[in-house]
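I opened a new notebook page for this one.

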Amino acid sequence: MQNIVLAFAKDNTSQKVRRMLASYGYEIYACCHTKAELMRCTQGIDNLLVITGFKLPDATCDEIADDIQAKIMAIIKPEQRDYIQNSDIFLVPLPTNVARLGEAVDMLVKRFAINKKKERSEEDKKIIETAKLYLMEHYLMDEPAAHRFLQKHSMDTGSTLVKTARMILKK
């Protein structure tokens, strides 16, 4: 996750957080001042971390988390914690410092890397497609049924989709 977007109502807050993260080795993709600007700026971006305050002029961090496909980190005053309903928002209490903010971002970056799905190689995709075609031809399944069969058999045997596809093709 390299795409970090800052969303703060005040420009001086954005600049302060930008400097803190820069000293920790992070580059900022963009700085936004409203939710509307944030929505436009982040459209179609994967692996996104939005760092925001409790609220922008047009939205709270809860509303941002509900509408944007991103990991949200909110830098908030301790008394604002009770007003945040979304448990997926990672909270960093004020006052904060470079080390605390940098470590929090590091932790989220590592968590994103662990949870990120691995991309299948072209060879693996071809094996799965070939197995689906085999099932469709020999067992008169449609494509979604063949895919579900592969998934179910993989889960039942505790193997990967690619291993299951290879087993079917060896028969």
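Strands here are DSSP runs of E with at least two residues, helices are runs of H or I with at least four, and both are numbered from the N terminus.

Before going on, I noted that this is a predicted model, where local features need pLDDT of at least 70 and side-chain atom pairs count only at pLDDT 80 or more, while totals for chains, interfaces and linings use all residues. Residues are numbered from 1 along each chain as its sequence is written, and side-chain values use heavy atoms, with hydrogens and water left out.

**Sheet**

I looked up the pairing of strand 3 (48-52) with strand 6 (71-76): it is parallel, over 4 bridges. Two strands pair if DSSP finds at least two bridges between them. I then traced the open sheet of 5 strands and read its order as 2-1-3-6-7, with parallel pairing. Strand 2 (30-32) and strand 7 (90-93) are at the edges with a single partner strand each, so one side of each has no neighbour in the sheet. The twist from one strand to the next averages 20°.

**Helices on the sheet**

I found helix 1 (11-23) lying across strands 1, 2, 3 and 6, at about 150° to strand 1 (3-7). Helix 2 (35-42) packs on the sheet too, touching strands 1, 2 and 3, and its direction makes about 155° with that of strand 2. Contact means heavy atoms within 4.5 Å. Angles run from 0 to 180 degrees between N-to-C directions, and axes are lines fitted to C-alpha atoms, for helices over the stretch in contact.

**Helix 5 and its partners**

How do the axes of helix 5 and helix 7 cross? The axes of helix 5 (122-139) and helix 7 (161-170) come within 9 Å and cross at roughly 50°. Helix 5 and helix 7 are therefore oblique. I checked the cut-offs: under 35 degrees is roughly parallel, over 145 roughly antiparallel, 65 to 115 roughly perpendicular, and the rest oblique. Residues in the contact include I127 and Y134 of helix 5 and V162 and L169 of helix 7.

Helix 6 (143-157) also has its axis within 9 Å of that of helix 5, crossing at roughly 115°. That makes helix 5 roughly perpendicular to helix 6.

**Charged pairs**

I counted 6 salt bridges (a side-chain nitrogen of Lys or Arg within 4 Å of a carboxyl oxygen of Asp or Glu). One joins D67 and K35, at 2.2 Å from N to O. D67 is in helix 3 (61-67) and K35 in helix 2, 32 residues apart.
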